[in-house]
Amino acid sequence: MTERGRFITLEGGEGVGKSTNLALVVEHLRGHGHEVVATREPGGTPRAEDIRRLLLDPVEEEPLAPDAELLLVFAARAQHLARVVRPALERGAWVVCDRFTDATYAYQGGGRRIEASRIAELEAFTQQGLEPDLTLLLDMPMAAAQRRLDERLHGQGETRDRFERERAEFFEAVRQAYLARAASAPDRMAVIDASADLEEVKAELLARLDERMATWR
Ligand SMILES: Nc1ncnc2c1ncn2[C@@H]1O[C@H](COP(=O)(O)OP(=O)(O)OP(=O)(O)O)[C@@H](O)[C@H]1O
Ligand SMILES: Cc1cn([C@H]2C[C@H](O)[C@@H](COP(=O)(O)O)O2)c(=O)[nH]c1=O
């Protein structure tokens, strides 16, 4: 019987370096000979990417209600799990995902103040016990991450999406909710100082990854 693949997630606030470092994790795992599926949430399938567009579009005439936002996040997740994540894990591939349910606890829980128990109900219904084997949480003060994000958006001529337009207090609440999650799940989540130089962040990230992989052998 094929051994189930591993499920690794990258988390953190806006502009902390998730996409940059996801590429590194993927390359590292491929170097170890694993089939790796790199994906993201919300999104990761054409339908789930449609939902992502709804979530990120800053339509000012009709603000999205927090409960609608939460349900859309889980609708996208259900589709992504059914079409991409579960099939990959079952055939033995490793899945590396840019954000997952810790983001829901951070953004919808911390940022929008939805009760964690309500998020947990949807999590149980949607995931049926599936959770990441390892979560790498990139953490840094939000003001510095915002500067990085601004530089990237400016460089690429992009505008801010619906979440990126939030206030500083929202991002601080998101950060604190992430750190609280990490403190409550130290066996699964590793906190990485993302404010360091990229080379240092990469070294720390790979050290944590290798440390955890050694326990899976
Ligand atoms: N350690 C670092 N030091 C300096 N700049 C960095 C570092 N890590 C990433 N960057 C730069 O910061 C910007 C944001 O990084 P990136 O897009 O990877 O963040 P992200 O967390 O994926 O953002 P988003 O929240 O939009 O998904 C990019 O321009 C990237 O090159
Ligand atoms: C999975 C997930 C994501 N979000 C938010 C967080 C981000 O602002 C966007 C995704 O864009 P990015 O390119 O990854 O920064 O979606 C959320 O609010 N809840 C979630 O569960």
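How many aromatic pairs does the structure hold? I looked this up in a predicted model, and the structure holds 6 aromatic pairs.

**Entry 1: Phe7 and Phe100**

I began with the pair formed by Phe7 and Phe100, which is edge-to-face. I noted 5.0 Å centre to centre and 75° between the planes. I then checked where the two residues lie. Phe7 is in strand β1 (residues 7-11), and Phe100 is in the loop between β3 (94-98) and α4 (101-111), so the pair ties together parts that are 93 residues apart in sequence. Is Phe7 buried or exposed? I found a relative accessible area of 0%, so Phe7 is buried. For Phe100 I found 1%, so Phe100 is buried.

**Entry 2: an aromatic cluster**

Which residues form one aromatic cluster? I listed Tyr107, Phe163, Phe170, Phe171 and Tyr178.

**Entry 3: Arg77**

I looked at Arg77 against the aromatic rings. Arg77 lies over the face of Phe74, at 4.9 Å from the ring centre. The charged end of Arg77 also sits over the ring of Phe100, 5.0 Å from its centre. I recorded a polar contact of Arg77 as well: its side chain meets the side chain of Glu41 at 2.6 Å.

**Entry 4: Glu41**

Where does Glu41 lie? I placed Glu41 in the loop between β2 (36-40) and α2 (46-56). I found 4% relative accessibility for Glu41, and the cut-off for buried is under 20%, so Glu41 counts as buried. Leaving out residues up to four places away in sequence, I found that Glu41 touches Arg52, Arg77, His80, Cys97, Asp98, Arg99 and Phe100. Phe100, which Glu41 touches, is the partner of Phe7 in the edge-to-face pair of my opening entry.

**Entry 5: the record**

How values were computed
Residues are numbered from 1 along each chain as its sequence is written. Chains are lettered from A and ligands numbered from 1 in the order in which they are written. This is a predicted model: local features need pLDDT of at least 70, side-chain atom pairs count only at pLDDT 80 or more; totals for chains, interfaces and linings use all residues. Side-chain values use heavy atoms; hydrogens and water are left out. Helices (H or I, at least four residues) and strands (E, at least two) are DSSP runs, numbered from the N terminus. Buried means under 20% relative accessible area, exposed over 50%, partly exposed in between (1.4 Å probe, protein chains only). A polar contact is a pair of N or O atoms within 3.5 Å; within protein, one must be able to donate a hydrogen and the other to accept it, and residues adjacent in sequence count only if both atoms are side-chain atoms. Contact means heavy atoms within 4.5 Å. Rings of Phe, Tyr and Trp (its six-membered ring) pair if their centres lie within 6.5 Å; planes under 30 degrees apart count as stacked, over 60 as edge-to-face and the rest as tilted. A charge sits over a ring if NZ of Lys or CZ of Arg is within 6 Å of the ring centre and within 35 degrees of the ring normal.
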